[in-house]
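Let's take a friendly walk through this protein together. Keep the structure open beside you as you read.

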Amino acid sequence: MKVAEAVGRALCAAGVDQVFGVVGSGNFHVTNAMVAAGARFVAARHEGGAATMADAYARTSGTVAVVSVHQGPGLTNAMTGIAEATKSRTPLVVLAAEVTEPRSNFYVDQETLARAVGAVAVRVTSAEEAVGQACAAVGLAVRERRTVLLNLPLPVQALEVPDGALAQAAPPPRRAAVEPDADEVAALSRLLGQARRPVFVAGRGARGEGCREALEALAECHGALLATSAVARGLFHGNPWSLDISGGFASPLVSELIQGADLIVGWGCALNMWTMRHGHLIGADATVVQVDDDSSALGVHRPVHLGVTGDVRRTARRVSEADDEPRQGYRTPEVAAGLAARVRLRDVPYEDTSTRERIDPRTLSIALDDILPAARVVGVDSGNFMGYPSAYLSVPDEKGFCFTQAFQSIGLGLATTIGAALAQPDRLPVAALGDGGALMSAVELDTVRRLGLPMVVVVYDDEAYGAEVHHFGPDGHPLDTVRFPPTDIAAVGRGYGFEAVTVRTRADLKAVADWVAGPRSAPLLIDAKVVADHGSWWLEEAFRGH
């Protein structure tokens, strides 16, 4: 057996069952070996899409995925998706063929490329070590929650592995849960006991099994309100004390309640500029606690009064074990009444600015939220529009919202939704895109159609890179470089085999309701011509973060 086949089979034996990619000569044999070993291969139309699909699949499924790419340009094409995965600490293996001869057209320093975006680079160095090194790459991704580039040099691929080499291939042990220090648990318990208006903000680190139950039980005891960062949206769906998202996508009432907290506890949450609005959501007298199983993450984005190094579920349970007297805390009748009426942005009155030619994005989003089935998984691209689907489209749980925004790249939303859809096949996938990101990634509409996904693609079409229009326009700068002539995006969708509808008014959405009620034999693209006369409310925050 040659190294290329052994590595592919070893990756599957290590627990990988999903691979995305674009196959060329360099990764042909190893990808086929993975398929032969039982992995599902999804061919993307571009390596950037493949990397993002794999990222979203890993996030939504909780398993390690592989993206397989050709040497040189295959890897460079995938780098934006890899950078997003790396910044999000997604356990992912990037399997890349590699040339070792500097005179080759395909030669680039692939190890340096990986390090430049924060990924870990490893290499298969010999036939004797190939299986162990492939399994070690999966183990590193799982244990350290890292994106790992596994370089597979072409000369090594053709070597013969020793007999019985695959016998050592096995799934790596799961990342060990970090037990919190007893003194830190006691300190957190004391702070909760003293708090009158506690708020819990759960992030990426609270998406694990049993975290919701542990946090809800502790919050119930201390009367804490429950919020999430954007990446954990949906974690507390259905809880009457849930505030939904904290930060730029929050309703005015939610922002007011978080600002009024005297104790904010971030559970597996970075408490970064987005979640805390550059610190404006933290009251002057509020105590801030951060719980994370990685001690290096504590206090990175803002000072904390107490940092607790520990697994979210275990820490919450340990604190619960130390408490036995329930408190009202922030859960007063007045707060309950407010949450029942105004926790969602869609419940906040607004002036509908729709015209005969363009629909208000708020009106559009509210209507879609009502029309589309509740069992959904929503992927969102980046851009001026992104707050509308993020805040107005509800999701059933934390696996219903896939938010690839750590790198703030436009063009990732469609591939994100494809990966999430494959991880959650029992839900309706909804891709929310701006026109810029949609046209940048339109090639993956073919992937949706080939896979037979019953996806809804919503394009918020303002005929511009809206973020730049609304940021630079008020200062009188010329905007020709960021505005575009009208494009029939619905026709583009039909060309790829989608059903498609152009939406200018609320009445046009009947076609969407008809599609939902029908057989859904083809995916649906909604080309929504949205009002473009003002920037979204979160835009100022976004540019402050650059």
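Cys 402 has a relative accessible area of 3%, so this residue is buried. Keep in mind as you look that this is a predicted model. Cys 269 counts as buried because its relative accessibility is 2%. Its own closest cysteine sulfur, in Cys 211, is 13 Å away, and therefore too far for a bond as well. With sulfurs needing to be within 2.5 Å of each other, the count of disulfides comes to zero.

Now turn to the aromatic rings. Seven aromatic pairs are counted. One of them joins Phe 200 and Trp 267, edge-to-face, with 5.4 Å from centre to centre and 65° between the planes. Phe 200 belongs to strand β7 and Trp 267 to strand β10, so this pair ties together parts that lie 67 residues apart in sequence. Both Phe 200 and Trp 267 are buried.

Another pair is made by Phe 249 and Phe 403, which is edge-to-face because the planes stand at 85°, with the ring centres 6.0 Å apart. Here the two partners sit in loops: Phe 249 between β9 and α11, Phe 403 between β14 and α16, so the pair links parts 154 residues apart in sequence. Phe 249 counts as buried at 11% relative accessibility, and Phe 403 is buried too, at 10%. Ring pairs join Phe 249, Phe 401 and Phe 403 into a cluster. Over the ring of Phe 401 sits the charged end of Arg 233, 5.6 Å from the ring centre.

Next, find two helices. Helix α9 runs over residues 182-194 and reaches 19 Å from its first C-alpha to its last, close to the 18 Å expected. At its start, a side-chain oxygen of Asp 181 comes to within 2.9 Å of the backbone nitrogen of Asp 183. Buried residues of α9 include Val 185, Leu 188 and Leu 192, and the buried residues of this helix pack against β7, β10 and α10, among others.

Helix α10 has twelve residues, which should span 16 Å, and its end C-alpha atoms are 17 Å apart, in agreement. Cys 211 is among the buried residues of α10, as are Leu 215 and His 222. The elements covering the buried residues of α10 include α9, β8 and α12. Just after α10, Gly 223 takes a positive phi of about 70°.

Methods: Residues are numbered from 1 along each chain as its sequence is written. This is a predicted model: local features need pLDDT of at least 70, side-chain atom pairs count only at pLDDT 80 or more; totals for chains, interfaces and linings use all residues. Side-chain values use heavy atoms; hydrogens and water are left out. Helices (H or I, at least four residues) and strands (E, at least two) are DSSP runs, numbered from the N terminus. The expected span of a helix is 1.5 Å times one less than its number of residues. Buried means under 20% relative accessible area, exposed over 50%, partly exposed in between (1.4 Å probe, protein chains only). Contact means heavy atoms within 4.5 Å. A polar contact is a pair of N or O atoms within 3.5 Å; within protein, one must be able to donate a hydrogen and the other to accept it, and residues adjacent in sequence count only if both atoms are side-chain atoms. Rings of Phe, Tyr and Trp (its six-membered ring) pair if their centres lie within 6.5 Å; planes under 30 degrees apart count as stacked, over 60 as edge-to-face and the rest as tilted. A charge sits over a ring if NZ of Lys or CZ of Arg is within 6 Å of the ring centre and within 35 degrees of the ring normal.
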